[in-house]
Amino acid sequence: MLEIRQLNKTYGSHQALTDLNLVIPEAGIFGLLGPNGAGKTTLIRIINQIIEQDSGEVILDGQQLSGDAIRKIGYLPEERGLYKKMGVWDQLIYFSRIKGLTASEAKQRVTYWLEKFEISSWKNKKIEDLSKGMAQKIQFIATVIHSPRVLILDEPFSGFDPVNAAMLKNEILELKKGGTTILLSTHRMESVELLCDQVAMIHKSKKILDGSIREIKSRFRPLEIHASLSQLNQELPAAWKIEASEEGKVDLLIPLEGQSPNQLLRELMNFGEVISFQERFPSMEEIFIQQVNASGHA
Amino acid sequence: MQAAMHKVFLVIQREYLARVKKKSFLVATLLTPLIFPAIMAVFVWIAVEEKENQSLRVIEVVDETGLFFMESSDQYAFSSSVENLEEAKALVNTGERYGALYIPKMELSAPQGIQFYGLENPSTSLIGYLEGALKRKIEDQKLYAKGIDPKVLKEIRTEVSVQALTLGDAGEETVTDATVNYALGFLSGILIYLFIFIYGNQIMQGVIEEKSTRIVEILVSSLRPFQLMMGKIVGIGAVGLTQFLIWVLLVGTLSSLVMGVLGMQMPQQQAMEMANPELMAATPDTGELGAILQVIDGIDFVSLVAAFVFYFLGGYLLYGALFAAVGAAVDAPSDAQQFMLPITIPLLVGYMGLFVFVLQDPSSSTSFWLSIIPLTSPIAMMGRISYGVPFWELALSMGLLVLGFFGTTWLAAKIYRIGILMHGTKPSYKTIWKWVKSAN
């Protein structure tokens with residue numbers, strides 16, 4: 001378990017983190033959401049001990065973060081890079097050695113991952129000779145080569161092509177199953193909704209919301225209803241939108257506008273045979289905007 | 001601590017291997033030392049060829065004064081078979097003579113009107129030869145006119161050389177020679193200057209590469225920035241030392257090999273004379289060569305080499321940290337120029353100081369300060385050391401160099417740590433000073 005307690009960080013006059021508290025449970029995917037400049041990268045750099053906090057603590061497995069934690073953490077920064085003139089094998093060995101693996105451990109792990117991705121033939125290729133997608137695979141291996149307990153991914157899907165993004169997603173899920181704690185930071189909130197178990201939203205250095213996705217969504221009332229009718233008997237109210245229409249089925253998007261779903265359903269029956277009726281929950285982005293407006297931060 | 005050292009070692013290893021494995025390293029390392037013996041060999045070869053293929057050039061002399069008797073040499077022979085210039089010119093035109101030298105009637109006090117006719121442009125060495133010979137003749141004539149026999153003058157000329165000796169504390173005497181000391185100081189000073197610049201630049205390039213390709217973010221999540229910086233400086237220094245050692249070995253063996261092979265074809269002395277006749281005029285004869293050997297023998301090479309290695313490494317480490325800091329502060333090599341001044345100026349002061357002050361007067365107070373202040377001492381002290389430096393001065397200079405190294409490294413580490421994570425903004429000296437002052 002990774003715990004952030006009362007973390008503060010300022011750069012000159014700029015407050016990057018304000019009294020931040022987070023509990024990131026084990027073997028789950030934790031989404032750190034917020035727009036650019038909210039303080040996500042600062043938090044990640046503090047967890048990685050790249051920079052030091054002004055005050056507050058980071059607790060990993062019940063202990064204050066120390067030099068030994070390096071071995072337990074894997075980090076994929078938003079801006080990625082590898083030594084262009086260095087071979088794949090040498091590079092991966094180097095990254096595993098500086099994470100604290102012994103020479104023989106490193107060899108064994110690198111071999112394992114190259115075989116897993118079926119890219120053993122790239123061993124002696126230089127990074128500059130690889131395609132972007134190939135380099136992305138190497139970058140990912142370099143991040144997880146030392147089997148970190150905690151994996152920190154900063155905007156993991158940016159820059160990945162669709163094929164590699166899908167691969168990355170599968171690997172993330174597999175690692176989670178294996179017990180890895182994953183901290184995933186992104187400003188594109190829609191991309192992680194389906195992936196994350198828990199999220200925290202950060203805005204202007206402060207946490208404005210956290211919890212499991214289901215919990216958060218249940219806290220925010222649905223705004224709209226997706227409904228389908230077999231056919232239309234009469235003219236719809238102006239606010240109701242027809243999303244799609246085909247033979248024997250009309251899909252509607254209806255704003256709740258303060259009514260309860262039951263009230264709406266009763267009204268809807270007057271327009272025809274109801275085939276389906278489903279609440280449309282707000283997206284994380286909508287929740288974020290709603291929350292920012294509510295807390296008066298915007 | 002041990003784990004920390006282990007990581008520094010891993011960085012050193014990577015930096016070292018990444019460079020040594022490059023083809024360009026192999027090429028530069030093997031070809032550079034070949035240049036000197038190759039140039040030497042080409043010169044000697046040309047000289048030998050020229051000498052063998054040379055045909056004697058006959059020059060017709062038309063001397064209206066009747067005073068000049070030109071002495072023939074290996075290259076030039078002089079004849080005076082015709083009476084006037086027109087006939088001489090005709091001989092040149094038919095190719096019977098290489099050229100014609102015309103000496104008109106003239107006042108010896110103001111010789112003028114001497115002309116040389118040839119089918120082709122005469123070489124400067126031929127003109128020089130003619131001028132020299134005529135000058136000697138005129139001088140002899142003038143001496144006779146004053147009633148002095150030139151032979152007497154030759155007898156009066158005397159070679160004098162002063163043997164310089166230094167007295168040691170225990171009264172022991174060592175033969176010294178300013179020329180040898182000058183050469184040693186000159187050579188070692190320049191080597192250190194070049195080494196700092198070439199490899200310092202490599203440090204800077206390496207830091208910029210890691211920063212601009214964003215590898216550094218991954219690296220500093222595994223290593224302390226200080227470990228990364230020191231590993232890079234030491235690793236590149238090791239590359240330089242390797243290259244230097246290979247050069248010393250290659251130049252040594254190749255030069256002696258080349259000289260050995262050529263030595264069988266012609267005496268070395270003569271070979272050198274052919275290659276550079278002017279130099280030979282300045283170099284002493286065999287008797288003085290013995291003296292030089294005696295001087296070289298008198299130099300304490302063990303302490304000289306030890307001091308060289310110390311200042312070589314000390315200077316490199318001192319400046320290396322600064323180069324790393326500059327690399328960390330900028331995004332691209334082209335931006336580095338504005339921060340290079342604090343590095344270039346002291347280096348240039350040391351370099352210029354070596355020639356202007358230290359080698360001219362090694363014990364002057366300017367030389368003293370240049371060789372004590374850490375930023376200039378690696379270059380300046382090497383200029384003094386072969387002349388002999390009091391122990392306390394050497395100890396002070398070395399001690400300050402070590403302190404200076406800690407100082408620049410401390411300063412550089414602060415700039416480096418923050419700089420490597422800064423992108424997009426061009427820092428000014430003011431922002432860099434802020435980084436230095438910031439605690440975290």
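**A walk through chains A and B**

Let's start with helix H5 (residues 162–177) of chain A, which lies across S3, S7 and S8 of chain A and runs at about 145 degrees to S8(A). Helices (H or I, at least four residues) and strands (E, at least two) are DSSP runs, numbered from the N terminus. Axes are lines fitted to C-alpha atoms, for helices over the stretch in contact, and angles run from 0 to 180 degrees between N-to-C directions. Two residues are in contact if their C-beta atoms, placed from the backbone, lie within 7 Å.

Before going on, please note that this is a predicted model, in which local features need pLDDT of at least 70, side-chain atom pairs count only at pLDDT 80 or more, and totals for chains, interfaces and linings use all residues. Residues are numbered from 1 along each chain as its sequence is written, while chains are lettered from A and ligands numbered from 1 in the order in which they are written.

Helix H1 (residues 40–47) of chain A lies across S3, strand S7 (150–154), S8 and strand S9 (198–203) of chain A, at about 150 degrees to S7(A). The strands under discussion belong to an open sheet of six in chain A, with the order S6-S7-S8-S3-S9-S10 and mixed pairing. Strand S6 (73–76) and strand S10 (206–212) of chain A each have a single partner strand, so one side of each is left without a neighbour in the sheet. On average, neighbouring strands of this sheet are turned by 15 degrees against each other, direction ignored. Strands count as paired if DSSP finds at least two bridges between them. Strand S3 (residues 29–33) and strand S8 (residues 181–186) of chain A run parallel and are joined by five bridges; Phe30(A) has Leu183(A) in S8(A) as its bridge partner.

Chain A has eight helices and 14 strands in total. Of its 298 residues, 35% are buried, meaning that 20 or more other C-beta atoms, placed from the backbone, lie within 10 Å of the residue's own.

Now to chain B. Strand S1 (residues 57–63) of chain B pairs in the parallel sense with strand S2 (residues 76–79) of chain B over four bridges, and Arg57(B) has Tyr76(B) as its partner in S2(B). S1(B) also pairs in the parallel sense with strand S3 (residues 99–103) of chain B, over five bridges.

Finally, where the chains meet, the contact takes 19 residues from chain A and 15 residues from chain B. Helix H1 (2–20) and helix H7 (215–220) of chain B each supply at least two residues of chain B's side.

Key: A residue is buried if 20 or more other C-beta atoms lie within 10 Å of its own, exposed if 12 or fewer, and partly exposed in between; C-beta atoms are placed from the backbone.
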